[in-house]
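Hi,

Here is the structure I promised to pass on. Have a look at it first, and then read my notes below.

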Amino acid sequence: AHSKDIVVKRPKRRRTHHRVPTSYDSVWLLESEYSGSSGTITWGTRCRFQLFGAQGHYLCLSEQTDAEQQGNARGELRLMLTNDKHHVDTLFVFLPFGNKKGEDIAMGSYVRVQHARTRTYLHASTSASMQLIGADDRVRVAVCSQQLYFNDVFGVHAVAQSQVEIIGFVNKRRLGRIEEYVSRLRLRQPLSDSELNSTHSVLVDLIRFCTFPPPPDDDPLEMGGGIHIKPHQKVLGSPAVLALLLDAATVPFANLATRRDVQAMLQRDMPVLFLTKLLWNLLARIALRNTANGTRLMRFLPRMLPFLGMEVGVERCLMEIFRENTALLNALSPAHIQQIMHMLFAHGAALPNLEGLVLLQVLCSCEQGALSNNQNAIVTCLLDDFPYVLVRSRLRHGQLQLCNADSVGRRLAAHRARSGAADSATGKVKKRWENLVDFTYDTELREHLVYYVHVLTLLAHLCLGRNYCAIAAVAALVRFEEAFTGLASDDLPYNVRAAYSQILLHCFVDCFPQRAADIQLVWSVS
């Protein structure tokens with residue numbers, strides 16, 4: 001076999017074909033001992049494994065202390081990566097598995113890999129206590145041992161040039177720029193404008209790498225449009241890359257004690273704020289419609305939660321992690337949901353984050369149907385801890401009105417106080433209830449109307465699947481007459497009327513005594 005880009009992987013039972021890997025850290029470049037990458041590898045030829053895309057990183061046997069050797073009953077020797085190419089423990093030998101004729105190693109052959117100095121055999125270990133080498137979550141580390149196991153036989157397969165180009169896009173140069181950014185932040189060293197611009201360019205390249213067609217150059221944070229490229233997502237979905245991106249997104253705030261300090265830094269340091277948003281946007285694209293990457297990212301949930309409600313993109317990332325991921329959604333406990341909601345609303349602004357409301361909608365249902373446990377946990381937390389997130393409404397003289405004491409009403413009241421529509425003596429707003437139609441024609445209040453639409457949509461999601469506990473709570477907030485009036489009103493925008501139609505459908509129509517209908521989804525009206 002000529003020394004070229006190859007992958008060494010374990011054969012699986014009952015498989016007649018191999019799957020080409022898509023993670024940059026699962027492909028190795030073979031180099032002969034004296035000829036380098038231009039030489040020919042045959043049976044018994046001593047060669048080195050260079051990690052593809054990581055210039056100068058070679059597979060090497062790790063030196064163990066006496067205590068580690070005594071505690072290792074199976075005599076396993078760990079492997080690591082080293083920058084010393086000429087280290088004596090970087091040399092390995094291919095041995096044939098079965099009856100192999102000829103000196104050349106044909107692609108598709110099954111081989112055993114022996115360490116040249118210790119004469120031990122390379123095999124995969126599933127021990128969770130060992131460090132991670134490679135992108136396969138099931139194979140924690142490659143080790144060497146004198147014994148032979150079933151998983152000491154590997155398949156040798158060539159990687160297509162197109163696949164090499166895809167994997168090579170995420171190479172050590174690009175990730176090295178992010179690693180340098182993280183290390184400088186940890187040492188509290190200032191970053192120059194050129195270093196910030198370089199990091200920005202790398203993140204934009206990786207964001208455009210995940211989506212086709214890529215987002216426009218003027219708005220790399222835009223999530224709408226395009227489709228995800230799953231092979232490219234897999235390249236960035238290895239645990240090592242995800243951990244590096246999470247470090248880059250969280251390390252700038254590691255030395256800050258409170259959320260207030262974090263928010264003050266985000267407002268003060270705009271370059272770091274923009275890079276943080278790019279990082280969370282990239283993580284969201286890696287998890288977009290990719291349940292495997294979403295499951296990997298779920299392991300970093302404790303590191304994500306402190307940044308909820310800060311409008312840096314964590315909500316979007318969690319949305320893509322949970323969206324249609326049935327296993328993760330069913331695994332959520334009421335404590336998890338309560339923690340998410342406390343981080344979203346307990347420290348939020350006067351108007352809670354819209355992305356947070358959409359995140360709660362995602363937690364309510366999946367393609368298999370409604371998730372009643374999640375719905376009940378959200379309803380309980382909203383009513384008991386965060387009633388101000390919801391919006392009270394009433395019907396007076398054929399007009400829908402919103403209460404000033406709630407989020408939308410408070411923002412409207414503050415706006416009117418600034419504009420002079422407040423009592424000059426007391427400084428209080430004269431009205432307690434505001435007409436919903438006022439939100440339609442005032443451009444400055446359009447965002448508050450969008451918030452109300454998201455609240456109605458969330459209430460509709462809570463009623464999915466005939467969840468009668470949620471239906472009783474929603475019916476007390478939005479009565480049938482109010483929902484029907486909102487649907488029939490010509491003065492309201494179509495998105496508001498559509499939101500009221502969802503309330504009617506899932507709270508008042510799709511319930512007893514009507515027969516159950518196969519209605520699982522709520523239309524998007526945002």
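This is a predicted model: local features need pLDDT of at least 70, side-chain atom pairs count only at pLDDT 80 or more; totals for chains, interfaces and linings use all residues.

A word on burial before anything else: buried means under 20% relative accessible area, exposed means over 50%, and partly exposed is in between, using a 1.4 Å probe and protein chains only.

Residues are numbered from 1 along each chain as its sequence is written, and side-chain values use heavy atoms, with hydrogens and water left out.

**The overall picture**

The protein chain has 21 helices and 17 strands. Both kinds of element are DSSP runs numbered from the N terminus: helices are H or I with at least four residues, strands are E with at least two. Contact here means heavy atoms within 4.5 Å. Of the contacts in the protein chain with a separation of 6 or more, 68% are between residues 24 or more positions apart.

**Helix 15 and what surrounds it**

Helix 15 (residues 372-384) has 13 residues and reaches 18 Å from its first C-alpha to its last, close to the 18 Å expected at 1.5 Å a residue. (The expected span is 1.5 Å times one less than the number of residues.) Its buried residues are Asn374, Gln375, Ala377, Ile378, Val379, Cys381 and Leu382. They pack against helix 12 (326-331), helix 13 (334-345), helix 14, strand 14 (369-370), helix 18 and helix 19.

The buried ones are Gly356, Leu357, Val358, Leu359, Leu360, Gln361, Val362, Leu363 and Cys364.

How do helix 15 and helix 18 cross? Their axes come within 9 Å and cross at roughly 135°, with helix 18 covering residues 446-462. That makes helix 15 oblique to helix 18. Axes are lines fitted to C-alpha atoms, for helices over the stretch in contact, and angles run from 0 to 180 degrees between N-to-C directions. Angles under 35 degrees count as roughly parallel, over 145 as roughly antiparallel, 65 to 115 as roughly perpendicular, and the rest as oblique.

On the helix 15 side, Gln375, Ile378, Val379 and Leu382 meet Leu458, His461 and Leu462 of helix 18. By class, this contact of helix 15 with helix 18 has 5 nonpolar, 2 polar and no charged residues. For the classes, Ala, Val, Leu, Ile, Met, Phe, Trp, Tyr, Cys and Pro count as nonpolar, Asp, Glu, Lys and Arg as charged, and the others, Gly among them, as polar.

**Another helix pair**

The axes of helix 8 (residues 270-287) and helix 11 (residues 314-322) come within 8 Å and cross at roughly 10°. That makes helix 8 roughly parallel to helix 11. Trp280, Leu283, Ala284 and Ala287 of helix 8 make the contact with Val314, Arg316, Cys317, Glu320 and Ile321 of helix 11. By class, the residues in this contact of helix 8 with helix 11 are 7 nonpolar, no polar and 2 charged.

Arg466 sits in the loop between helix 18 and helix 19 (468-477). With 17% relative accessibility, Arg466 counts as buried. Its side chain makes a polar contact with the side chain of Asp510 (3.1 Å). A polar contact is a pair of N or O atoms within 3.5 Å; within protein, one must be able to donate a hydrogen and the other to accept it, and residues adjacent in sequence count only if both atoms are side-chain atoms.

Tyr388 is in the loop between helix 15 and strand 15 (393-396). At 24% relative accessibility, Tyr388 counts as partly exposed. The side chain of Tyr388 reaches the backbone oxygen of Phe345 at 2.6 Å, and the C-alpha atoms of these two residues, 43 residues apart along the chain, are separated by 9.5 Å.

Arg188 is in the loop between helix 3 (172-186) and helix 4. Arg188 has a positive phi of about 60° although it is not a glycine, and at 63% relative accessibility it counts as exposed.

Cheers
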